[in-house]
Amino acid sequence: MRLSVVGCGYLGAVHAAAMASIGHEVVGVDVDRAKVAALRAGHAPFFEPGLQEILERGIASGSLTFTDDMAAVRGAEVHFVGVGTPQVKDGYAADLTFVDAAMRDLLPFLSPGDIVAGKSTVPVGTAARLATAVKSTGATLVWNPEFLREGFAVQDTIDPDRLVVGVPSDDAGARAAEILRSVYHPAIAKGTPFMVTDYATAELVKVAANAFLATKISFINAMAEIAEVTGADVTQLADAIGHDTRIGRRFLGAGIGFGGGCLPKDIRAFSARAEELGRGASVAFLREVDAINLRRRDRAVQLVIDALGGSVHRKRIAVLGAAFKPHSDDVRDSPALDVAVQLHGRGADVIVTDPQAVENAKKVQPQLEYTTQRDDALRDADAVVVVTEWDDYRRDLTPDHAASLMVGRVVVDGRNCLDARTWRAAGWNYVGMGRP
Ligand code: UGA
């Protein structure tokens, strides 16, 4: 099928390349000329495992092209819209400027029978608002939320857990659902559930899923706070409750909490939208989820201060990690970088390392010292703080090796990803989060 993808960021670039990889002919459109030039040359504009390969293959075969000219979408049967919906500068709501602009720019190039498939995460009610203008061109709007995780974006796009399409309740909606079914045929043939809903449900599925995941993380972090005053161990608690299949162990990793371009802004936008709908009380708990999450960053900083005897002033601190999670170079709302900034603000001599995110981190926090080499960060440090659980820190760093480089013997494990017993046995002051 011929497809277009409007917006070539984390979502759109992956979607375009993934759709080409399953046999479609795809044109990606973005207003950012530098991004288009990079994509055309086969360069992924951000780190995402597997993206580079499918990008190169799609471009080489001629089935994947990129342009800044919206007119190039003409002739595509389905137009995906995957532009960003960041948090507004002065509040909690989602900024719909990019979605509105993309839709407005797309309209003149739509033909009767075309499908416009919104993928961006939007406040419930957005699709219904945009549908009339799309319908006036003879095209049909559907909402097809995306559930990909950064770091696994290619795999999640080609082989998702489920597909959800919100459609209007008329014949055009039924036809649109069938066309989307053809787009995703390879996944559906493998048994991926394909759910057809109304607009509001599809929009809500996305924010509800992210709200649930954020709540699960903050729940275990709340338990970590209780564990800290009772001497309990939150990692054992998580293992024990996680054995209950109704609860499950995934997303019960206590530590410095969640960040990134999705979970934090999505729960805030959900709260803002619920307030507008007169149902603020229904999701009031999300404010608490946010507050617990942000408190854990402060807690990690306090643990470093305590472990260094009450002050970090002029102490050399190696911060392992800047990305909001491993397998990503994304530092948007990164708890890891936030901890580094706070330590620096308290007078510590901080050096941050990350295998992928240093360039992005430098752009937003230029005052910090950076290195891409883990061992350079560890050299002469008084303390090491693990804030992103890359394998290089979690699995491959031994206490003896760290000791051979560092001055101090303090390790603060902001992700509870190290083996406390091993580090303690080697003579370290190991400090976890929510652990005795
Ligand atoms: C999240 C959702 O998981 C995706 O399903 C969704 O499509 C995406 O947002 C989106 O809306 O686009 P992502 O932001 O890539 O994906 O990252 P996650 O894997 O969900 O991790 C989010 C944060 O939670 C990270 O900072 C991670 O370190 C933290 N986390 C995760 C924990 O603190 N504890 C855990 O147990 C798990």
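Q: How many residues of domain 1 are in contact with domain 2?
A: In this predicted model, 18 residues of domain 1 touch 19 residues of domain 2. The protein chain is split into domain 1, covering 2-197, and domain 2, covering 214-432. Their C-alpha centres are 33 Å apart.

Q: What is the area buried between domain 1 and domain 2?
A: Here is the general idea: the size of an interface is often given as the accessible area lost when the parts come together. In this case about 1500 Å² is buried between domain 1 and domain 2, with carbon and sulfur atoms giving 54% of that area. On the domain 1 side, Phe-47, Tyr-92 and Glu-150 supply 45% of the area buried against domain 2, more than any other three residues.

Q: Happy with that. Now, at what angle do helix H9 and helix H12 pack?
A: Two packed helices are described by the angle between their axes and the distance between the axes. For H9 (residues 199-230) and H12 (residues 285-307), the angle is about 50° and the axes are 9 Å apart. H9 and H12 are therefore oblique to each other, since angles under 35 degrees would count as roughly parallel and 65 to 115 as roughly perpendicular.

Q: Is the crossing of H9 and H12 left-handed or right-handed?
A: The crossing is left-handed. Residues making the contact include Ala-211, Ala-214, Ser-218 and Glu-225 of H9, and Phe-285, Leu-286, Ile-292 and Arg-299 of H12.

Q: And how many nonpolar, polar and charged residues does the contact of H9 with H12 have?
A: Sorted by class, there are 8 nonpolar, 4 polar and 5 charged residues in this contact.

Definitions and conventions. Residues numbered from 1 in each chain as written. Predicted model: local features only at pLDDT ≥ 70, side-chain atom pairs only at ≥ 80, totals over all residues. Heavy atoms only, no water. Axes fitted to C-alpha atoms, helices over the stretch in contact; angles between N-to-C directions. Helix = DSSP H or I, 4+ residues; strand = E, 2+ residues; numbered from the N terminus. Parallel < 35°, antiparallel > 145°, perpendicular 65-115°, else oblique. Left-handed = near helix turned anticlockwise from the far one by under 90°. Contact = heavy atoms within 4.5 Å. Nonpolar A, V, L, I, M, F, W, Y, C, P; charged D, E, K, R; others polar. Domains from an automatic or database assignment. Buried area = accessible area lost by both parts, 1.4 Å probe.
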